[in-house]
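Q: Got a minute to go through the aromatics and the core with me? Here's the model.

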Amino acid sequence: MNAVSSSNAAPEDGTPAAASATGLGPGTRRLTARPAYPAPPQPVAQALPRHSPAVGGLVPFSTVDWPGQLAAVVFIAGCPWRCHYCHNVELQTRAARYDWRETRAFLETRKGLLDAIVFSGGEPLSEPRLPQMIRDVRRMGYRVGLHTAGIYPLRLADVLRHLDWVGLDIKADAEGYDDITGRRDSQRPAHACLAQLLSAGIDFECRITWHPDWLDETRLLALARELARRGVRRFAVQGARRSPDAPPVRALGAPALALLMQWFEEFAYR
């Protein structure tokens with residue numbers, strides 16, 4: 001309970017009745033009540049229509065999903081790849097767990113509190129209605145970010161002009177790509193998406209989830225140097241973890257970190 005509603009009983013300490021009625025003593029300043037914000041939407045109890053956007057989750061506030069921006073994150077369920085280290089396996093299968101209309105209404109209430117909305121997944125470009133969803137949040141005045149593995153180059157081209165920032169997952173070098181994704185020829189669409197980002201001039205970051213068992217430091221550095229040569233300015237290495245809140249399984253060596261910091265305008269090791 002707060003001070004103004006803690007008790008209606010008569011005071012026992014000699015406090016004047018007028019003051020005790022509000023819970024305030026002599027000389028005490030009244031606290032301004034904080035505005036009540038709507039609660040985030042909850043997963044639906046009943047199945048949504050088949051044509052509903054496959055919203056699989058919502059994070060109302062994040063400082064890490066778009067560097068430098070306060071954002072809400074809308075997760076899209078559905079991804080054709082089966083990366084063996086995926087921490088969002090529940091989002092691999094397409095399913096609408098949240099009503100987009102309710103999610104959209106909630107995001108309306110966050111205007112002025114957040115800078116941006118990030119669409120993540122799963123693979124957000126797997127959602128056919130993503131262009132309309134992006135337009136919905138743009139009309140609210142938000143900046144729009146996208147996390148993608150680069151699976152759908154044509155769909156990326158369709159929304160690219162409406163995006164302010166993209167986080168592009170680079171899974172491995174050419175030798176290791178299919179081993180990570182579980183799909184054949186998976187490097188090809190990812191590199192097509194990278195080419196689009198480089199030519200569009202949009203702000204973007206390439207990042208890789210790294211473990212030496214599937215990509216040793218020598219191969220990682222060769223991949224990073226090739227990305228820098230192609231014009232990638234922002235690169236991040238994310239240490240593989242057994243769970244999202246666990247420490248990295250292995251640490252990247254100091255000499256490799258020094259080289260990566262030299263090659264990119266912005267480099268992060270997470």
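This is a predicted model: local features need pLDDT of at least 70, side-chain atom pairs count only at pLDDT 80 or more; totals for chains, interfaces and linings use all residues.

Q: Where do Trp81 and Tyr177 lie?
A: Trp81 is in the loop between β2 and α2, and Tyr177 is in helix α5, so the pair ties together parts 96 residues apart in sequence.

Q: Are those two buried or exposed?
A: Trp81 and Tyr177 are both buried.

Q: Why is the pair of Tyr85 and Trp214 called stacked?
A: Their planes are at 15 degrees, and under 30 degrees counts as stacked. The ring centres are 5.5 Å apart. This pair also links distant parts of the chain: Tyr85 sits in the loop between β2 and α2, Trp214 in the loop between β6 and α7, 129 residues away.

Q: Switching topic: which residues touch the most other members of the largest nonpolar core?
A: Leu107, Phe119, Val137, Leu163, Phe235, Val237 and Leu260, out of 63 residues in that core. Helix α7 gives the largest share, 5 residues.

Q: And what does Val137 touch?
A: Leaving aside residues up to four places away in sequence, Val137 touches Trp100, Leu107, Ile117, Phe119, Tyr142 and Val144.

Q: Last one: what sits over the ring of Tyr152?
A: The charged end of Arg155, 4.7 Å from the ring centre.

Key: Residues are numbered from 1 along each chain as its sequence is written. Side-chain values use heavy atoms; hydrogens and water are left out. Helices (H or I, at least four residues) and strands (E, at least two) are DSSP runs, numbered from the N terminus. Buried means under 20% relative accessible area, exposed over 50%, partly exposed in between (1.4 Å probe, protein chains only). Rings of Phe, Tyr and Trp (its six-membered ring) pair if their centres lie within 6.5 Å; planes under 30 degrees apart count as stacked, over 60 as edge-to-face and the rest as tilted. A charge sits over a ring if NZ of Lys or CZ of Arg is within 6 Å of the ring centre and within 35 degrees of the ring normal. A nonpolar core is a set of buried Ala, Val, Leu, Ile, Met, Phe, Trp, Tyr and Cys residues joined through side-chain atoms within 4.5 Å. Contact means heavy atoms within 4.5 Å.
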